[in-house]
Amino acid sequence: MVKLLNKEVQHYINANLKTDLHSLLLKKSPFPEVSMQEIVQQIKGKQVAERKFPFLLKEGILFPPQLSLEQSSSEKTALYKSGILKGKKFIDLTSGFGIDAYYLSQNFDNITLVEQNTGLLKIVENNWAVLDRKATFINLKLEDFLDENQEHFDVIYLDPARRDEQKNKVFLLEDLSPDILEIQEKLRSFSNQVVIKLSPLIDLKYLVSVLPGISGIDIIALKNDVKEVVVFLSNENTGKIICNCVNLDSGESVFSFTFGEEETAESEYSEPENYIYIPNHSILKAGAFNLISQKFSLKKLHPNSHLYTSAEKVGNFPGRILEMESVDSKSIKKKGQFNIIAKNYPLKPEEIKKKYGLKDGGDQYLIFTQSKKGKIILKSV
């Protein structure tokens, strides 16, 4: 690891950031003590850091293998979570590459990082020294640490591995590593607040049904792409679960509600009026289909379309707002350029493009969907 920090090696890495990595791997390393695979790993790391965690683009920072880079939170999602947590003692039981730990621990005096991968933990130790951040680094399996631990922490954080032994993705809590259901009581005996990062694909109703003590669920999207579901367990839970739908880098406000409100919410239905509203993906993930209609006084087009409408424009809506009109399919000119959206419609966007001879892109939108009266096509005004 130290050899990778050699000035000549670092200069070579920085000089080849735009070089094709496959061709680079076929070459012999110019440094006897550093393999070309190690060099390419650092180049890949810098490339990922440029878009995912630019704060690490500093001299002396080292990067782990590809899988650890993929599994790490982005700087933006980690920064969001850092604004939620504070206290004196923080521990990350699955620190990995340490992105979440670096940001989440900023409001704590005492920081502990637990990681079973020795090489990965050494990389994090090196990087935190470069970043002038102090922590206690513990090289143990999470289960072994929990068996030995006698300390109490203000916040416990963990991001369980979501792949099985065959490297296939898994989502159920009992299939994760560690098994959350198996260790939940022990975790809560060491802290009043446990925070768990989970897959964006996890089913929220399943989550609430199998994991007691949930006080909050944050669904975090970045530019309308849901990245993670974060669960907050509290020993002082009141029985209410606050769900926050967050769409970072969008300028949209957070949509918050109490889990269970959707069951009692009702939508009014209407044919399309002047404005069409498309909720962001964090809200769709939360399943707040009637609640969003009720809270913003919008009418729904169809129970399964999840599109909303109003005659007058409603501000501060967490999603896209388009001024549109209903059109006949015969009025759609071939080779026209549109952003095509299909919701609750028999054809997918690719099939619609082929059928009508349309091109992707431009400023205009076409929405193919259904109202209660049947299939409709909406076009930007």
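Modeller: Helices (H or I, at least four residues) and strands (E, at least two) are DSSP runs, numbered from the N terminus. The model is predicted, and its residues are numbered from 1 along each chain as the sequence is written. Local features need pLDDT of at least 70, side-chain atom pairs count only at pLDDT 80 or more, totals for chains, interfaces and linings use all residues, and side-chain values use heavy atoms, without hydrogens and water.

Colleague: Which are the edge strands of the open sheet of nine strands?

Modeller: Strands pair if DSSP finds at least two bridges between them. The order is β3-β2-β1-β4-β5-β7-β6-β8-β9, with mixed pairing. The strands that pair on one side only are β3 (136-138) and β9 (255-258).

Colleague: In which sense do β6 and β7 pair, and over how many bridges?

Modeller: Strand β6 covers residues 214-222 and β7 covers 225-234. The pairing is antiparallel, over eight bridges.

Colleague: At what angle does helix α9 run to β4?

Modeller: Angles run from 0 to 180 degrees between N-to-C directions, along axes fitted to C-alpha atoms (for helices, over the stretch in contact). Helix α9 (residues 180-190) lies across β4 (155-158), β5 (193-198) and β7. Its angle to β4 is about 155°.

Colleague: How many residues are in the largest nonpolar core?

Modeller: Such a core joins buried (under 20% relative accessible area, 1.4 Å probe, protein chains only) Ala, Val, Leu, Ile, Met, Phe, Trp, Tyr and Cys residues through side-chain atoms within 4.5 Å. Leu-93, Ile-156, Leu-158, Leu-173, Leu-207 and Phe-255 touch the most other members. Leu-93, for one, touches residues including Val-114, Phe-145 and Leu-187 (heavy atoms within 4.5 Å). The count of core residues is 49.

Colleague: Is Phe-90 buried or exposed?

Modeller: Phe-90 lies in strand β1 (residues 89-92). Its relative accessible area is 0%, so Phe-90 counts as buried.

Colleague: What kind of aromatic pair do Phe-90 and Phe-108 form?

Modeller: Rings of Phe, Tyr and Trp (its six-membered ring) pair if their centres lie within 6.5 Å, with planes under 30 degrees apart stacked, over 60 edge-to-face and the rest tilted. Phe-108 sits in the loop between α6 (99-104) and β2, so the pair ties together parts 18 residues apart in sequence. With centres 5.2 Å apart and planes at 45°, the pair is tilted.

Colleague: And what kind of pair do Tyr-345 and Phe-368 form?

Modeller: Tyr-345 lies in the loop between β15 (337-342) and α14 (349-356), and Phe-368 in strand β16 (residues 359-371). Both residues are buried. Their ring centres are 5.5 Å apart and their planes stand at 65°, so the pair is edge-to-face.

Key: Buried < 20%, exposed > 50% of the residue type's maximum accessible area, 1.4 Å probe, protein only. Lists of a residue's contacts leave out its neighbours within four places in sequence.
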